Amino acid sequence: MIGRLFKFHGGIKPDAHKNESSGPAIQRAPLPARLVVPLRQSPRAAASCMVEVGQKVLKGQRIGEPEGFLGTAVHAPTSGTVVDIARHPMAHPSGLDTECVVIEPDGEERWIEHAPFDHHTASREEALAWLRDCGIVGLGGATFPSHVKLGKGSGIETLILNGAECEPWITCDDRLMRERAADILAGAHILRELIGARELLIGIEDNKPEAIAAMKEAAAASGYDVSVVAVPALYPAGGEKQLIRVLTGIEIAYGKLGGDYGVQCFNVGTAYAVYRAFAHGEPLISRIVTLTGNVDNAGNWEVLIGTPMQDLLPLAHPRADTDRTILGGPMMGFALPRLDVPIVKGSNCLISASPKLFPPAPPEQPCIRCTECAKACPADLQPFELYWFSRSKNFGKAQEYHLFDCIECGCCSYVCPSHIPLVDYFRFSKSEIWARERDKSAADQARERFEFRNFRQEREKAEKAAKLAAKAAETRAKLAESASGDAPAADAAAAEDPKKALIAAAMARAKAQKAAVQVQNTDNLSPETQAEIAAIEARRRALDGATATAAPTIELTVEPTTEQTGAAPTAGAEPRP
């Protein structure tokens, strides 16, 4: 059992507004007329489409194949017909489009064949692949792939189940722990075995007494060695680093993660999804969503992934003065630019807002450097300095002040007396740095391609020169073997230049062809003419041997006779010696 609790730096205590939606039990949302299932469920990775327009699909059938190291599969939330595969707006402040599979339900809810997966008889790699194929991701909001977060199966001593749910208005995890505590614990035990943790802790804020009681009762009945701990309700106690600090006393350093210190966190909703994947073979096709705010029927609904939010909101009966809808909580959420966007795996809450419930922010005023933001920052940063660097676009200094350790919890903006939207400035800086990194990466790749092109051209030139040199060497060898009088000259020429060697070789071939023709013509002469030629050659050799100085050599050119060629003799033509 855990004894002492620790504190993290900063934090705030906004009005919780939990009671508005935590009372009613979880309800099942009805099937919409169409389901728009994005193939990109998180900013990190997308899935490749596996279906075609007009294809019949079953509930739980895989429609998106995971891509990349951080990819997870996407499944059909119900049975029906694929009526379109096109780009549709996604639930993001930008309102940008992403590729979606549009399914028209048939109302039959026909499942694929599915069965439990026994991770005890399978290897750890097979179990992680099963999680990936079931599309299991973190349901606390980050949607990080669970099979990646489980790591190598060693080095993690403490597994923490995050049931804090610290942000105001959101109660989906609260209701899930009250109603399905045993299943959550079963999923947590599977995660514990896969990650190799020695200790299991469950942290729940003390403003959820019913959830704490339900989890303790389930832990006692299960026989699992687990500690259910009530932590003080202080926003953002549900942040991963903050909860680790409260429960273990470990303070995660800048740029580090919990896994570097032997601690890992999973959301209670993630543990429940893991249980369904292993115990029933069900992929992640639905999640619990809180509908609250300026409504008459606040509560929590189990909603199919891909349900358009405009079809979901009427279940809570928004009031007439509702002017916008916030996705997520009021601290870290954002106002939706449109309502025809679908529910995704990371959607946990929809808040109907009104001017009375959420008054417009006062005008932004100059920073007075009061440092209230630094006092409230749970990451122990200096937001007022980050603000100046972000505003002046001095992104290098912003990174020096650990911009990327900001968890965007909104505590700094909440306490700022100048009403500066500090988190918006920090998000702007992060996006600009990421954009520049992408541009730099693209430029580096272009430079690498250019350098490789130059290297390839130089290599081809070197190979061509080597082939030419080898051919020249072969030619010199042939000229040396011929032992002709021109061989030294040919060798010298080849030594000077490979091109000269090729020319010498061509001249040698021409001379050999000429000699062959002469021999052929000599063989065709009459016996008398051949005898005369032999006598002339004998006299020439005798003269060459008798005198020290070489006598001029008489080159004899023999022309075929008229008997050989069959042509008439030319008038006045005489035989040449």
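Predicted model: local features only at pLDDT ≥ 70, side-chain atom pairs only at ≥ 80, totals over all residues.

Modeller: A residue is called buried if its relative accessible area is under 20%.

W169 lies in the loop between β9 (158-162) and α4 (172-179), while F358 lies in the loop between β17 (349-353) and α10 (372-376), so the pair ties together parts that are 189 residues apart in sequence. Both W169 and F358 are buried.

Another pair, Y387 with Y425, is edge-to-face: the distance is 5.0 Å centre to centre, and the angle between the planes is 85°. Y387 belongs to helix α11 (residues 383-391) and Y425 to helix α14 (residues 422-482), so that distant parts of the chain, 38 residues apart, are linked by this pair. Y387 is buried, with a relative accessible area of 0%. Y425 has a relative accessibility of 18% and therefore also counts as buried, because the cut-off for that word is under 20%.

Aromatic rings also occur in a group here: F117, W130 and F278 form one aromatic cluster. Finally, a ring may have a charge for a neighbour. The charged end of K149 sits over the ring of F266, at 5.3 Å from the centre of that ring.

Notes:
Residues numbered from 1 in each chain as written. Heavy atoms only, no water. Helix = DSSP H or I, 4+ residues; strand = E, 2+ residues; numbered from the N terminus. Buried < 20%, exposed > 50% of the residue type's maximum accessible area, 1.4 Å probe, protein only. Phe/Tyr/Trp six-rings, centres within 6.5 Å; stacked < 30°, edge-to-face > 60°. Lys NZ or Arg CZ within 6 Å of the ring centre and 35° of its normal.
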